[in-house]
Amino acid sequence: MWVRRAFFGWLIPAAFLLPLWLLIGWGVFNAGGWAFLWVLFLAIPSVFIGQLILTLLVRARGTVRAERAVSWWDVLGFTVWHGLTISLGFYDQAWWAPVMVLTIIVGLALFWLELAQLWREAKPSAILMRTTEGIGYIPAQAARPTQTENDVIVITERPPVV
């Protein structure tokens, strides 16, 4: 549980630290001028906005807010996506382009995973009603009388007595 809670706390700082790492990695690993333009105009905004959108999708789920912990699928998805994003900051020309493509694919898959989890939790499964004091309860289902096809009701009238 502590791993899931740690990821819950990491999501907002990651939106700032991952783009910062891409900028620092550019300077440390001498990536060049074209890489600086890529970092400044594409990587930093897309990682920042993407991470914020994913964080909002995660935090929109009721179970995440109640437990203050993400799901195990979130842990797996964010670990892979953040690991690939961090590896992009090393700027090794031998593997940088395939890792960038893989990072984009994993980011899109993570987006659809978050939407699927949010949709699954948002669909109504029961009606929750509230009392005037604010206490929630699920109303009991009324039992419907069963009627078989063989039931025949015969009503006879008596002639009036004079």
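**Note on the pocket, salt bridges and surface patch**

1. The largest pocket has a volume of about 390 Å³. Of its 18 lining residues, Ser46, Val47, Trp81, Ile104 and Gly107 lie closest to the centre. A pocket here is an open set of points on a 1 Å grid over the protein atoms alone, where a 1.4 Å probe fits, with protein on both sides within 12 Å along at least five of seven lines; lining residues have an atom within 4 Å of a point. The volume is the space filled by probe spheres set on the points, which are joined across faces, edges and corners.

2. This is a predicted model: local features need pLDDT of at least 70, side-chain atom pairs count only at pLDDT 80 or more, and totals for chains, interfaces and linings use all residues. Residues are numbered from 1 along each chain as its sequence is written, and side-chain values use heavy atoms, with hydrogens and water left out.

3. Helices H2 (33-59), H4 (72-88) and H5 (96-122) each supply at least two residues of the pocket lining; H2 gives the largest share, eight residues. Helices are DSSP runs (H or I, at least four residues), numbered from the N terminus. By class, the lining has 13 nonpolar, five polar and no charged residues. Ala, Val, Leu, Ile, Met, Phe, Trp, Tyr, Cys and Pro count as nonpolar, Asp, Glu, Lys and Arg as charged, and the others, Gly among them, as polar.

4. The structure holds four salt bridges, each a side-chain nitrogen of Lys or Arg within 4 Å of a carboxyl oxygen of Asp or Glu. Arg61 forms one with Asp74, at 2.6 Å between the closest N and O atoms, and another with Glu114, at 2.9 Å. The second pair joins the loop between H2 and H3 to helix H5, 53 residues apart. Shared partners link Arg61, Asp74, Glu114 and Glu121 into one network. Arg61 is buried, at 1% relative accessible area, and Asp74 is buried at 0% (buried means under 20%, exposed over 50%, partly exposed in between; 1.4 Å probe, protein chains only).

5. Glu67 and Arg4 also form a salt bridge (2.8 Å, N to O). Glu67 is in helix H3 (residues 62-67) and Arg4 in helix H1, 63 residues apart. Glu67 is partly exposed, at 33%, whereas Arg4 is buried, at 14%.

6. A nonpolar surface patch, with about 830 Å² of accessible area together, includes Ile12, Phe16, Leu17 and Phe90. Patch residues have over 30% relative accessible area and no salt bridge; nonpolar side chains (Val, Leu, Ile, Met, Phe, Trp, Tyr) are joined within 5 Å, like charges within 9 Å. Areas come from the Shrake-Rupley method with a 1.4 Å probe; for residues, only the protein chains shown count as cover. Helix H1 (residues 2-28) gives the most, seven residues.
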